[in-house]
Amino acid sequence: MRKFGLHFGLILACVVVLLPPLWALRTSLVPESMSYSTEIFPAFTLDNYAGLFAKNRFGTFYVNSLIVALGSVLVALPFAACTGYAFARFRTGGRFARFVVLATQMLPPVALVLPAFALLRGAGLTNSLPGLILVYSALNLPFLTWILMGFFEGVPADMEGAAMTDGATAWGAFWRIVIPVSLPGLAAAGVLGFILSWNEFLFALVLSGPQTATIPVSLAALQTSNGVQIAKVSAGVVLAILPLVIASRFIQRFIIQGLTFGGVK
């Protein structure tokens, strides 16, 4: 009876989690006029997907999101690794420095978007992908630093001590010993940083232009004077989550290994 209740609860939780994306997939494959139909699958069409790429330049926004998300991770991850290692191993700045890094992550985005706009405008980087990459890197840096700090605290200090006894410098021990051991954690942090940048909306809305908009901004633009084109929005949502689903499938092992590794002290 206990197992039955447990399985029923798990199935119910899965239904609650999967129902919204399944509804979006169903709506993306039916005509706009039937998107609110009570029938489960009244008709089948790919016009919503074709319309996104032919009329709404979804391909351009897709590439913009990929460039910005990957670029921000590549910029932020090395800095986060060095900062997290300094906090974990050398206690740099003490608890106050850790609190300051964490506090920056607690600030609401709306309090940061206008200063970021002023800085990018002064540097001539508004409406540009490099500007978005720099902003997303700065936004993700505290979060990635905290994640990697937990991973590095789980790496035995004796491994670095043995390497330094054999003649390695502190940087050499970090690069040749700590980084290879922490690859699952780095992969998990990179994926989480990619997801944060891929889904971000407010900064992309304010700092991007018609040629540099990302997917969340392009989806918001589908609201017209005739209302929300819910079938097209659903098709865009399906396309938006597709890279995340594929990436999660292939790197699931690294994410689980990395997160559990960071939890062991």
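## Basis of the model

The model is predicted, and local features need pLDDT of at least 70, while side-chain atom pairs count only at pLDDT 80 or more and totals for chains, interfaces and linings use all residues. Residues are numbered from 1 along each chain as its sequence is written, and side-chain values use heavy atoms, with hydrogens and water left out.

## Overall architecture

The protein chain contains twelve helices and two strands. Helices (H or I, at least four residues) and strands (E, at least two) are DSSP runs, numbered from the N terminus. Along the sequence, the elements follow the order α-α-α-α-α-α-α-α-α-α-α-β-β-α. Taken along the principal axes, the box filled by the C-alpha atoms of the protein chain is roughly 70 × 65 × 30 Å.

Of the 265 residues of the protein chain, 39% count as buried; here buried means under 20% relative accessible area, exposed over 50%, and partly exposed in between, with a 1.4 Å probe and protein chains only. The protein chain exposes about 15200 Å², of which carbon and sulfur atoms supply 73%. Accessible areas come from the Shrake-Rupley method with a 1.4 Å probe, and for residues only the protein chains shown count as cover. Among contacts (heavy atoms within 4.5 Å) with a separation of 6 or more, 75% are between residues 24 or more positions apart.

Side chains of opposite charge can pair when their charged atoms come close. A search of the whole structure finds three salt bridges, each defined as a side-chain nitrogen of Lys or Arg within 4 Å of a carboxyl oxygen of Asp or Glu.

One of them joins R89 and E160, with an N to O distance of 2.6 Å. This pair links distant parts of the chain, as R89 lies in helix α3 and E160 in helix α7 (residues 157–165), 71 residues apart. R89 is partly exposed, at 22% relative accessible area, whereas E160 is buried, at 5%.

## Salt-bridge network around E153

R91, R98 and E153 are linked in a network of salt bridges. The side chains of E153 and R91 meet at 3.4 Å, N to O. Because E153 lies in helix α6 (residues 129–153) and R91 in the loop between α3 and α4 (94–106), the pair ties together parts that are 62 residues apart in sequence. E153 has a relative accessibility of 26% and counts as partly exposed; R91 is also partly exposed, at 49%.

E153 forms a salt bridge with R98 as well, the closest N and O atoms being 3.4 Å apart. This pair connects helix α6, which holds E153, to helix α4, which holds R98, across 55 residues. R98 is buried, with a relative accessible area of 17%.

The structure holds one cavity of 30 Å³ or more. On a 1 Å grid over the protein atoms alone, a cavity is a set of points where a 1.4 Å probe fits but cannot get out, and lining residues have an atom within 4 Å of a point. The largest cavity has a volume of about 40 Å³; grid points are joined across faces, edges and corners, and a volume is the space filled by probe spheres set on the points.

The lining of the largest cavity consists of S65, V68, A69, Y136, S197, W198, E200, T214 and P216. Helices α3 (58–90) and α9 (183–199) are the elements that give two or more residues to this lining, and α3 provides the largest share, three residues. By class, the lining has five nonpolar, three polar and one charged residues. Ala, Val, Leu, Ile, Met, Phe, Trp, Tyr, Cys and Pro count as nonpolar, Asp, Glu, Lys and Arg as charged, and the others, Gly among them, as polar.

Technical notes
On a 1 Å grid over the protein atoms alone, a cavity is a set of points where a 1.4 Å probe fits but cannot get out, and a pocket is an open set with protein on both sides within 12 Å along at least five of seven lines; lining residues have an atom within 4 Å of a point.
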